[in-house]
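Student: Could you walk me through this structure? I would like to ask things as they come up.
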2 protein chains.
Amino acid sequence: MKVNHFEAVEQVSVDMEGAVGCSVRWLVGEQEDAPNFAMRQFEVAVGGNTPKHTHPYEHEVFVLEGEGVVLEGNIEHPLKRGDVVYVRPDEIHQFRNTGGTPLKFLCLVPNSALGGNVTVTPECGN
Amino acid sequence: MKVNHFEAVEQVSVDMEGAVGCSVRWLVGEQEDAPNFAMRQFEVAVGGNTPKHTHPYEHEVFVLEGEGVVLEGNIEHPLKRGDVVYVRPDEIHQFRNTGGTPLKFLCLVPNSALGGNVTVTPECGN
């Protein structure tokens with residue numbers, strides 16, 4: 001078992017093309033040898049955004065603080081604390097901070113996104 | 001894409017043996033056809049607890065509100081808002097609300113957990 005506060009985890013800049021003012025903390029991932037999926041915490045600075053992109057794996061997102069929008073293609077969905085976002089595989093998406101404070105959210109991805117093994121059993125819908 | 005507030009999702013009682021004052025919302029799961037893992041939000045009432053048990057899959061947990069402890073076997077780790085807990089597969093664990101308000105947390109599990117057996121240890125319900 002591992003227990004710690006998310007702010008105790010190192011925060012690093014996201015250097016992906018199209019990312020503006022984004023940083024990430026890897027809360028549960030390779031370091032913990034998590035077998036199936038990873039928990040990351042993103043922070044988007046005022047005026048910043050994540051890349052507008054798509055990929056063949058899903059996101060499961062929970063908004064912790066701040067205000068913004070998530071784009072589903074060109075459709076904007078407003079975001080506030082406590083909102084849940086499920087981004088399906090291959091959906092074009094982008095998170096934008098439209099508020100006056102940092103936008104903080106959890107974003108979980110399957111290990112397949114990381115190049116790692118996925119140990120989900122075939123009968124469970126993988 | 002699916003976007004909604006977690007409190008808009010139906011909250012149902014957890015009827016597992018050993019669960020006291022526990023309820024759950026399935027935020028992302030079978031209904032969304034999520035291919036790899038599920039996001040649930042648990043609420044443990046004042047004085048309540050989850051079962052003390054173990055199972056062959058992991059938990060990735062983020063504490064949203066309240067105060068409590070998580071047991072790693074018989075070792076208590078205090079919990080507060082913003083804490084992250086990684087419960088490894090086959091670890092005996094239990095979440096207890098030791099505060100004066102509901103303990104709310106996210107708990108994510110791989111899809112393999114949803115069709116599998118859960119082995120409840122003799123300590124369950126103590």
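Student: Which strand does strand S8 (residues 83–87) of chain A pair with, and in what sense?

Tutor: Strand S8 of chain A pairs with S1(B) in the antiparallel sense over 4 bridges, where two strands pair if DSSP finds at least two bridges between them, and strands are DSSP runs (E, at least two residues; helices are H or I, at least four) numbered from the N terminus. Please keep in mind that this is a predicted model, in which local features need pLDDT of at least 70 and side-chain atom pairs count only at pLDDT 80 or more, while totals for chains, interfaces and linings use all residues. Residues are numbered from 1 along each chain as its sequence is written, chains are lettered from A and ligands numbered from 1 in the order in which they are written, and side-chain values use heavy atoms, with hydrogens and water left out.

Student: Ok, and which residue stands opposite B:Asn4?

Tutor: That is A:Val84, which stands opposite B:Asn4 in S1(B).

Student: How many residues are in contact between the chains?

Tutor: On the chain B side 45 residues are in contact with 49 residues of chain A, contact meaning heavy atoms within 4.5 Å. Together the two chains bury about 3900 Å², with 63% of it on carbon and sulfur atoms; buried area is the accessible area (1.4 Å probe) that two parts lose on being put together, summed over both.

Student: Which element of chain B gives the most to that side?

Tutor: S8(B) gives the most to the side of chain B that touches chain A, with 5 residues. By class, that side of chain B has 26 nonpolar, 8 polar and 11 charged residues, where Ala, Val, Leu, Ile, Met, Phe, Trp, Tyr, Cys and Pro count as nonpolar, Asp, Glu, Lys and Arg as charged, and the others, Gly among them, as polar.

Student: New topic: within chain B, how many bridges join S3(B) to S4(B)?

Tutor: S3(B) and S4(B) run antiparallel and are joined by 7 bridges, and B:Ser23 stands opposite B:Glu43 in S4(B). S2(B) also pairs with S3(B) in the antiparallel sense, over 2 bridges, and there B:Ser13 has B:Ser23 as its bridge partner.
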